[in-house]
Amino acid sequence: MPRGKKLALGLAVAAALAGGAALVARARRPGALWVLEWTEARREDVSVAWRTGGVLQSEGAVNIMAPLIPWFRRALIWMAPEGALVRLGEVVAKFDPSDIEQSIEGARWERGGYRAQQIDLRFAYKQRLADFQQKLDTTVQDQQAAQAAYESTEFGVELERGKALAKLSQIMAELDLSRSRILQEERKRDQEVRALDDQINLVTERIRLMSNWLGLLTVRTPAEGLVTYPPIRIAGQERKASVGDNLGYGQVFISIPNLFDMNVLVEAGEDAVRR
């Protein structure tokens, strides 16, 4: 190991007892690397101390993440004071809801537009179908008159009877066409209405989802304990979260440690390990 290179060591905060014997850390070098191991203290052991800094860590800490919300900013607007004692379910942080609230408002306007289109669509088709129905009624009357004329024509007058039959056939064809056109318009109306219904349902689901996300912006602790803010990566820096920070998706920013099982992570130079 090159001289001056840092070696991370995990040291207990309080002395651990095992069968009445204290445990100490011994550094040995069986090969190219230094190895740190725990062993029982002996009478001839010499303790070595050096001044250094470290990070207090907890085994089994409860970590709290930023909301699992995609697309939107996760900007902190309030945080519980570090070191505060909190109970289960107590609020420890709040995130800015303005982006989601604006999106919900926009989605409601979008849904209202689709519903207005539905109303206009139904009204337009109602008018068109009324016109087709009126034409159909007129064609039915013409068909009835042509049927009566054909039946009243004497069989002996072949020419007149042929003309009456041709007119009746033409009116019958127009009658079938009018009925078919009405059915086509009704199917087309139903398809367009269903398409708008689908859009309305999609927007409604989006509103429901975003409304649920609003609830996630108020963070409550899943356990009671002491609020701590571990150093995390924010905007290219390693530091604790603070109000105004925009956190990553699911990024851990609060830790509630288990105070009964704590470690300290320190850095020691090779010269200190050799002693």
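**Close-ups of a predicted model**

**View 1. Alanine 235 sits in the loop that runs between strand S12 (232–234) and strand S13 (237–239).** The phi angle of alanine 235 comes out near 50°, which is a positive value in a residue other than glycine. Why is that worth a look? Most residues other than glycine have a negative phi.

**View 2. Tryptophan 71 is found in another loop, the one between strand S6 (62–65) and strand S7 (76–79).** Is tryptophan 71 buried or exposed? With 74% relative accessibility, tryptophan 71 counts as exposed. Its backbone also deserves a glance: phi of tryptophan 71 is near 75°, again positive in a residue other than glycine.

**View 3. Stepping back, the protein holds three helices and 15 strands.** Both loops shown above run between strands, S12 and S13 in one case, S6 and S7 in the other. How many of the contacts between residues at least 6 apart in sequence join residues at least 24 apart? The share is 77%.

**View 4. The surface of the protein exposes about 18200 Å².** Carbon and sulfur atoms supply 54% of that area. Turning to the inside, 28% of the 275 residues count as buried.

Note on methods
Residues numbered from 1 in each chain as written. Predicted model: local features only at pLDDT ≥ 70, side-chain atom pairs only at ≥ 80, totals over all residues. Heavy atoms only, no water. Helix = DSSP H or I, 4+ residues; strand = E, 2+ residues; numbered from the N terminus. Buried < 20%, exposed > 50% of the residue type's maximum accessible area, 1.4 Å probe, protein only. Contact = heavy atoms within 4.5 Å. Areas by Shrake-Rupley, 256 points an atom, 1.4 Å probe, with all protein chains shown as cover.
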